[in-house]
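Please keep the sequence and the model at hand while reading.

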Amino acid sequence: MSKEKTFPARKLRILIPMILFLSQTVCAQHESKTINDGWKFHKGECETAASPAYDDSAWNSIHLPHTWNTDAYTEKKYYQGTGWYRRTLMLPQHWQGKQVFLKLDAASKAATIYINGKEVGEHNGGYTACTFDITSLCSFNSPNSLAIRVDNARQDIPPISADFTFFGGIYRDVWLTAVSKQHFHLTNHSSDGIFISTPQVSEEKGTILIRGEIKNDAVQKASLELEHIVYNPDGSIAQTQKQSIQIKGGELYSFHTETTPILSPRLWTPETPHLYRVESILRDKKTKVILDRSNHHTCLLYTSPSPRDISGYR
């Protein structure tokens, strides 16, 4: 006769707070998702397309990435002009109280973004990403209208001429990101707010430089803890560095941290492509709740100054 197993109430009293704490930690972190589906597209100019009330039901239904220049394969003078993209956004309820960002990985050549009929900003350059803070323009209680005007005819944006097609359209992913009020600075050249370099590398030792910015979008000041964990190529921890930060409301804080020398580093070569991983974690200093997190891989690449010693490190 089988016995029914029960879960002791004492263990439940311990487990439930742990689950709630972990849920709070996960929800507090950086969340990103693509919004590549459900778009409407119109080839040509449309002066009222930014309005939330505009009826785009007659437009083509498309998914991103997208270009309007399939004609470039059949016609010498392919279409260069404007195109409009529209989509409805419903933001998750648990994003309320966070900062919401819109990122275009690329749109050629210029893009102007509108949320609920209001201009968010413009990006010039068909081969670079752009990120905008759209928090103040968004609603969490009703659908949001997103409209993007793209122009691949601009002659004031390089390159002006080339032996390749200037494909027009949103030809890479579009992202929505929600972060805590204190976060790594996402509008810093459309990066994740952190930049990694290796100022000193040799066969004997190497260092990793971690720099970036933290933004406090809250009104009140915040006490934060910034931790960088450097992992060896085998996954073990090489070293950890922590610092405390006091940041005023609305302030942008810059940090600049160089690791202590990593002795006898695992150097990168084509035959042994060793990668180090740098994990940067931003926490509330008091509660230890994770506010933001970022991971980067980097290599320690050494090139000997002597040409006769360079074999194996090209």
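In this predicted model, I148 is in contact, once its neighbours within four places in sequence are left aside, with W39, G83, W84, Y85, L104, A111, T112, I113 and I170. I148 belongs to the largest nonpolar core, which has 30 residues, and together with Y85 it touches the most other members of that core. The elements that give two or more residues to this core are β2 (39-43), β4 (82-89), β5 (99-104), β6 (110-115), β8 (130-133), β9 (144-151) and β10 (174-179). Apart from this core lies another one, of 21 residues, which includes L224, V230, I247 and L282.

Strand β9 also holds S145, which counts as buried because its relative accessible area is 7%, under the 20% cut-off. Leaving aside neighbours within four places in sequence, S145 is in contact with S51, P52, R86, R87, Y114, I115 and N116.

The largest pocket has a volume of about 270 Å³. Its lining is made up of 17 residues, and those lying nearest the centre of the pocket are H30, S32, K103, T177 and L186. At least two lining residues come from each of β5, β10 and β19 (290-298). The classes of the lining residues are set out below.

| Class in the lining of the largest pocket | Number of residues |
|---|---|
| Nonpolar | 5 residues |
| Polar | 7 residues |

Definitions and conventions: Residues numbered from 1 in each chain as written. Predicted model: local features only at pLDDT ≥ 70, side-chain atom pairs only at ≥ 80, totals over all residues. Heavy atoms only, no water. Core = buried A, V, L, I, M, F, W, Y, C linked by side-chain atoms within 4.5 Å. Buried < 20%, exposed > 50% of the residue type's maximum accessible area, 1.4 Å probe, protein only. Helix = DSSP H or I, 4+ residues; strand = E, 2+ residues; numbered from the N terminus. Contact = heavy atoms within 4.5 Å. 1 Å grid on protein atoms, 1.4 Å probe; cavity = no way out; pocket = protein on both sides within 12 Å on 5 of 7 lines; lining within 4 Å. Points joined across faces, edges and corners; volume = space filled by probe spheres on them. Nonpolar A, V, L, I, M, F, W, Y, C, P; charged D, E, K, R; others polar.
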